[in-house]
Amino acid sequence: MAIDKVKAYFGEFGIADRVREFPVSSATVELAAAALGCEPGRIAKTLSFMVGGAPVLIVAAGDARVDNRKFKDRFATKAKMLTPEEAVTFVGHAVGGVCPFAVNEGVVTYLDESLRRYETVFPACGSSNSAIELSLPELERYSRAAGWVDVSKGREE
């Protein structure tokens, strides 16, 4: 299971014990926020796209949406999300648990500016009922982010 892969990955950094698993689904922003008792914006949702034939992950605040114009300006292509089957194949995690940790080789991760208004955020950990609380520097480090992008809209400022 992908959560086991993520826990093993976090084990390399000594933080596997910080992964939280819930008796309820956290597969959507709303469900994750309810399971964690936090505002939806603090859920760090991981969106998967195909850019130039390679999978790209964008980690954004839960209350943000991808702005198609900003995405095209940044990546020189239309924002085309992976199908659930493609997410498993290319990223290594199923929709509902897609996260930027322990991903397949060749996946590039970016962090969206919408996250910067929080000290800590909650990304999933490879399953539809898991999360971990990370500071932004930790998220940068553990996701091996290629950098920060501004490709979102609709977030609460």
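Two strands count as paired here if DSSP finds at least two bridges between them.

**Entry 1: ground rules**

I am working on a predicted model, where local features need pLDDT of at least 70 and side-chain atom pairs count only at pLDDT 80 or more, while totals for chains, interfaces and linings use all residues. Residues are numbered from 1 along each chain as its sequence is written, and side-chain values use heavy atoms, with hydrogens and water left out.

**Entry 2: the annotated span**

I looked up the record next. An unreviewed UniProt entry carries the annotation "domain: YbaK/aminoacyl-tRNA synthetase-associated" over residues 27–141. UniProt positions are in the numbering used here, feature names are shortened, and such annotations may be inferred rather than shown by experiment.

In what order do the 6 strands of the open sheet come? I read E8-E6-E2-E3-E5-E9, with mixed pairing. At the edges I find strand E8 (134–135) and strand E9 (148–149), each pairing on one side only.

I then went through some of the neighbours. Strand E6 (residues 120–123) runs antiparallel to E8, and 2 bridges join them. Valine 121 has leucine 134 in E8 as its bridge partner.

Strand E2 (residues 43–51) is antiparallel to E3, with 8 bridges between them. Across this pair, lysine 45 stands opposite alanine 60 in E3. E2 and E3 make a hairpin with 2 residues between them, and glycine 52 in the turn has a positive phi of about 60 degrees.

On to E5: it runs parallel to E3, joined by 4 bridges. Here I noted isoleucine 58 opposite tyrosine 110 in E5. As a reminder to myself, strands of a sheet pair through backbone hydrogen bonds, either parallel or antiparallel.

I also checked how covered E3 is. Of its 8 residues, 7 are buried; buried means under 20% relative accessible area, exposed over 50%, and partly exposed in between (1.4 Å probe, protein chains only).

**Entry 3: helix H5**

Which residues of H5 are buried? My list reads Leu136, Leu139, Tyr142 and Ser143. Looking down the axis of H5, I see these buried residues within an arc of 135 degrees, so they line one face of the helix. The arc is taken from the directions from the helix axis to the C-beta atoms.

The face of H5 turned away from that buried side carries the exposed residues Pro137 and Arg141. Among the elements covering the buried residues of H5 are H1, strand E3 (54–61), strand E5 (108–112) and E9; contact means heavy atoms within 4.5 Å.

**Entry 4: salt bridges**

My search of the whole structure gave 8 salt bridges, each a side-chain nitrogen of Lys or Arg within 4 Å of a carboxyl oxygen of Asp or Glu.

Glutamate 138 pairs with arginine 18, with the closest N and O atoms 3.0 Å apart. Why did I mark this pair? Glutamate 138 is in helix H5 (residues 136–143) and arginine 18 is in the loop between helix H1 (2–11) and strand E1 (20–21), so the bridge ties together parts 120 residues apart in sequence. Arginine 18 is partly exposed, at 30% relative accessibility.

Arginine 20 forms a salt bridge with glutamate 133, the closest N and O atoms being 3.5 Å apart. Because arginine 20 lies in strand E1 and glutamate 133 in the loop between strand E7 (130–131) and E8, this pair ties together parts 113 residues apart in sequence. Arginine 20 is partly exposed at 35% relative accessibility, and glutamate 133 is partly exposed at 27%.

Aspartate 73 and arginine 69 also meet in a salt bridge (3.0 Å, N to O). They sit 4 residues apart in helix H3 (residues 68–75), about one helical turn. Aspartate 73 and arginine 69 are both exposed. I also noted that salt bridges with shared partners join Arg20, Arg42 and Glu133 into one network.

**Entry 5: positive phi**

Most residues other than glycine have a negative phi. Alanine 76 has a positive phi, near 60 degrees; alanine 76 sits in the loop between H3 and helix H4 (84–91) and is exposed, with a relative accessible area of 68%. Arginine 144 follows H5 and has a positive phi near 55 degrees. I place arginine 144 in the loop between H5 and E9, exposed at 57% relative accessible area.
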